[in-house]
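Biologist: I'd like to learn how to read a model like this one. Could you walk me through it?

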Amino acid sequence: CINQSSSENILGDSFPFPSDFLFGTASSAYQYEGAFLTEGKGLNNWDIFTHEYPGKIRDENNGDMAVDQYHRFMEDIQLMTSLGVNSYRFSISWSRVLPIIQLKGLFSWETGGRFGSINYS
């Protein structure tokens with residue numbers, strides 16, 4: 001969670017809330033992150049589903065690019081600051097943190113990621 005106390009925003013001094021009010025936004029990894037398989041990211045269930053069954057999605061779109069916050073996060077933070085946002089809850093895909101399924105060939109999956117196998121016991 002990013003929390004900043006900047007008063008530099010488009011509302012200026014006309015902010016109608018108490019000074020300790022947290023005006024926040026949030027994001028969800030799949031809709032925002034993008035950067036499909038960038039820097040060791042593994043596959044998640046939506047990656048697999050949208051690539052194997054694109055016809056199941058109305059416009060056959062997927063989250064490969066999304067809004068590309070992975071590459072544009074600084075621009076997003078600047079925009080939120082200009083809007084007076086002082087609290088932001090962001091989401092990171094677990095398949096980026098623990099990439100347990102790696103792409104091997106076009107659609108052949110193998111387990112084991114950057115951090116090794118998962119111990120299920």
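Biologist: How many helices and strands are there in the protein?

Modeller: Helices (H or I, at least four residues) and strands (E, at least two) are DSSP runs, numbered from the N terminus. Here you get four helices and five strands, in the order β-β-α-α-α-β-α-β-β from the N terminus. One caution: this is a predicted model, where local features need pLDDT of at least 70, side-chain atom pairs count only at pLDDT 80 or more, and totals for chains, interfaces and linings use all residues. Residues are numbered from 1 along each chain as its sequence is written, and side-chain values use heavy atoms, with hydrogens and water left out.

Biologist: Okay, salt bridges next. How many does the structure hold?

Modeller: A salt bridge is a side-chain nitrogen of Lys or Arg within 4 Å of a carboxyl oxygen of Asp or Glu. The structure holds three. In one of them, E33 pairs with R96, with the closest N and O atoms 3.1 Å apart. That pair links distant parts of the chain, 63 residues apart: E33 sits in the loop between helix 1 (29–32) and helix 2 (45–52), R96 in helix 4.

Biologist: Is E33 buried or exposed?

Modeller: Buried means under 20% relative accessible area, exposed over 50%, partly exposed in between (1.4 Å probe, protein chains only). E33 is buried because its relative accessible area is 8%, and R96 is buried at 11%.

Biologist: And where do E75 and R72 lie?

Modeller: Both are in helix 3 (residues 69–82), three residues apart, about one turn of the helix. E75 is partly exposed at 42%.
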